[in-house]
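Q: Hi! Could you walk me through a structure I'm about to set up? I have a few quick questions.

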Amino acid sequence: MSTRRAHLEITGMSCSTCSGSVEDAVGDLEGVASVSANYATDEGTVEYDPAETSLAEIYDAIAAGGYEAASETETITVVGMSCSTCSGTVEDAVTDLAGVVRADVNFASDEARVEYNPDDVSIGEIADAIEAAGYDPVRDEIEETQGASQRERAVETELRRQRKLVIGGGLLTLPFVPMMFEMLFGLAGVASPIPAAIAHPPGWLEFVLATVLMGTLGKEFVVGAWRAFSNNRRANMDTLVAVGTSAGYVYSTAVLLGVVTGGLYFEAVAFILWFITLGNWLEVRSKARAGSALRELLEMEADEATVVEGGEERQVPLEDVGPGDVMKVRPGERIPTDGVVVEGQSAVDESMLTGESVPVEKGEGDEVVGSTINENGVLLVEATKVGSETAIQQIVERVKEAQSRQPEIQRLVDTVSAYFVPAVIVNAVLWSILWFLFPETLYGASAALGSWIPVLEPVGGGPVVGGVPVLEFSVVVLASALLIACPCALGLATPAATMVGSTLSAKNGVLFKGGDVLEQVRGIDTVVFDKTGTLTHGEMTLTDVELVGERTTADGGEDAVPDGGTLTGFGREEDAASFVLGAAATAESGSEHPIARAIVDGAAERGVEVGEVSEFENVPGHGIRAETDRGSVLIGRRKLLEEAGIDTEPAEEALTQLEREGKTAMPVAVDGRLAGVLAVADEVRESAKETVAALRERGTEVVMLTGDNERTAAAVAREVGIDPDNVRAEVLPEDKADHVEALQNDGSRVMMVGDGVNDAPALTTAQVGVAIGSGTDVAIESADVTLMRDDPADVLKAVRISEATISKVRQNLFWAFVYNATLIPVASLGLLNPALAGLAMAASSVSVMSNSLAFAKYDPHEDYRLAVTKPLAWLRGN
């Protein structure tokens, strides 16, 4: 047994009990020989067998125990990958290193995202491992850690190189064009108008041109094939092209030298190499386009900021702005960093964050996001987050993470791809041998099939009299069956679609943690909404002050006692409503809860003085107890007062009526006596009604969780359109996860939508957790999906983007599988010219990228429809 030793920096340990918890959590894993944790130094050492457990599992065990092991994550651009087999090779090479926690390699974006323990491995060693596997990491990117810009430079370099190969190869292939036209005329059954002398250049000239092409374009594939075989004993797309073209070139050279009899296929070799090189160039261009959206996001950052110090203004580079600096932002300028408005009023265009074109009004105290545009008015903004902490940088980081994590369906594709190329080679060799041994038998089947399908017929007339020699036909079958297969199309199908989908979602204010989350959202059948701040605005306002036995409104309405009334028996004489409100506001002044703030603000608006608090106790989910200058105050749920021996029955009529109106009503007691009732209300979002209706129309079950009482919860549910049976009221924050788990135990696939802080356990428990209204805080670890706006309508965006992306993945996979499943048999039966097979191979991968790029224009405000179904939808009026 070979063991590894990991040296970890562990945060969160505060005593020996903590270090013991870490040791127990890690020690329970299979393959862990020893583990020690030292809370005094925040360090740990683990000795383990990598064959039985991975470093990722050790990190996960520490995290599950409530602690965190330090790691770093870097994105490295990798040049030279030609298919998913290559990305798998790179991934294996990196994860085999001691100290690498996990690695995700994306062939579509040419990137490797690596999480590693800096105490045990360096980024340089990781790059060395990639290089040893036969691929080229972009070194300057690693050194400068400017992933996006370095990747762009690497892509541009590769584009220029591929462009040169396409142009140079095209010039060398040009003399073979008349021969190709003659072949096409022949397939169409039309006599060729091209003179034979032009259509068939001398054999030696064909040989020279083909040799130069094999030494330039062909070298790319031969080197790639050898690299895959020598480093990992694997075959990849380069192997298919290298073997197919080499077979045609060697056979044609043997014919030219008189070793065997037959025809020359130098023109097929030339066109195969040029077609596939052209396809590679177009593929790289498509990848660059797919990744350009991230570059565009980063380009939205301002280059400079106007910093105000001591009344003076000065221009400074963006990187020189620090937290606390006050910046002046004029109309039409981009806000340099995330911050808070300290002076001014304006409308800000946040479309780059949310995808919504309507500007958002901003005033003093409002948060603003860097890179958004100040529409009108001058703003003074205090910087709060700069550099990599800004929302725009966090969004780019989240999108990169999403692109590196692929859907579960990709695992199936990777498994198929691992066996695909070897299977293609075996199939090609087998059919080549069978054609050599049984030409007449197979010719009968091939000719019969060719007669049913227009254009297709055995190449050169088949291995019969008047056709081509048997050996020549066997070589044709070998080359065609190798070249028609396209592992690229399979490898690109999923990452190309998720790459575009995750970028599209970011532009619309929806951030997915990974492609796997995109897939999970599509299967959701139940959406659970937290009420406050999600279905409602989350901004409580005081609406009513009721006295026990009297009906006195906060605004002095018709039911008010003319002189405000007095309360006796409390040891003081004071305006009744003022006394109840003042006592409650004084008690609540020690709390940061939204209801508490509403009561305190309501008292201030009504001119009621807030007194002093000597003792304060928060009873989570129930209310508060406080000693104030107005006496001992209890305010909260009925249960809180009843447990203190206070009868709430006299206030029941007022409580019931207010709760039926959708308000949160709370009895107030002073010095052990019931004094009155306060009510606060939170306005329901208009978009909440539309969102719930749209979800229910889709057949999705909608559930609401709230800490409010049943009457208030039922009133809000009625207003937004949620079935009363799907309301869970009086739920404490710590119990929300239990309700989510209960729904999932009943077989539901649950999406939990909450504020990302109080709802963290429920968000983690649900199949998909959605943090809504996170503003600039886009790195909420407990959520799988982060919504930039505090609007439940964006839940629909998330669902639609998920459905559209996975639909696009399946389209790509369908056509890739159909292409291979259809044309490999056609080539194996000798019905496909090798040059046309090369063209088809190149076209297949380009079509997958093109189909994915077309998805970038999708608008998630509407349900996704296939292009072919849009006319039907239009006819139906949808």
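**Chat about the structure**

Q: Let's take the strands. Which strand does β12 pair with through two bridges, and how do they run?
A: That is β15 (residues 367-368), and the two run antiparallel. Strands are DSSP runs of E with at least two residues, helices are runs of H or I with at least four, and both are numbered from the N terminus. Two strands pair if DSSP finds at least two bridges between them. One detail here: V340 stands opposite E367 in β15. As background, this is a predicted model, where local features need pLDDT of at least 70 and side-chain atom pairs pLDDT 80 or more, while totals for chains, interfaces and linings use all residues. Residues are numbered from 1 along each chain as its sequence is written, and side-chain values use heavy atoms, leaving out hydrogens and water.

Q: And how many bridges join β12 to β17?
A: Five, between residues 338-343 of β12 and residues 379-385 of β17, again antiparallel. D338 has K385 as its bridge partner in β17.

Q: OK, how many salt bridges does the structure hold?
A: It holds 24. In one of them, R102 and D60 have their closest N and O atoms 3.3 Å apart. R102 sits in strand β6 (residues 100-106) and D60 in helix α2 (residues 55-64), so the pair ties together parts 42 residues apart in sequence.

Q: What about K663 and D544, buried or exposed?
A: Both are buried. Their salt bridge has its closest N and O atoms 2.8 Å apart. It links distant parts of the chain, with D544 in strand β20 (residues 541-547) and K663 in the loop between α23 (652-660) and β24 (664-670), 119 residues apart.

Q: Which residues are linked in a network of salt bridges?
A: R638, E652, E659 and R711. Within it, R638 and E659 meet at 3.1 Å, N to O.

Q: Last one: how many disulfides?
A: Zero in the whole structure, counting a pair of cysteine sulfur atoms within 2.5 Å as a disulfide.

Conventions:
A salt bridge is a side-chain nitrogen of Lys or Arg within 4 Å of a carboxyl oxygen of Asp or Glu. Buried means under 20% relative accessible area, exposed over 50%, partly exposed in between (1.4 Å probe, protein chains only).
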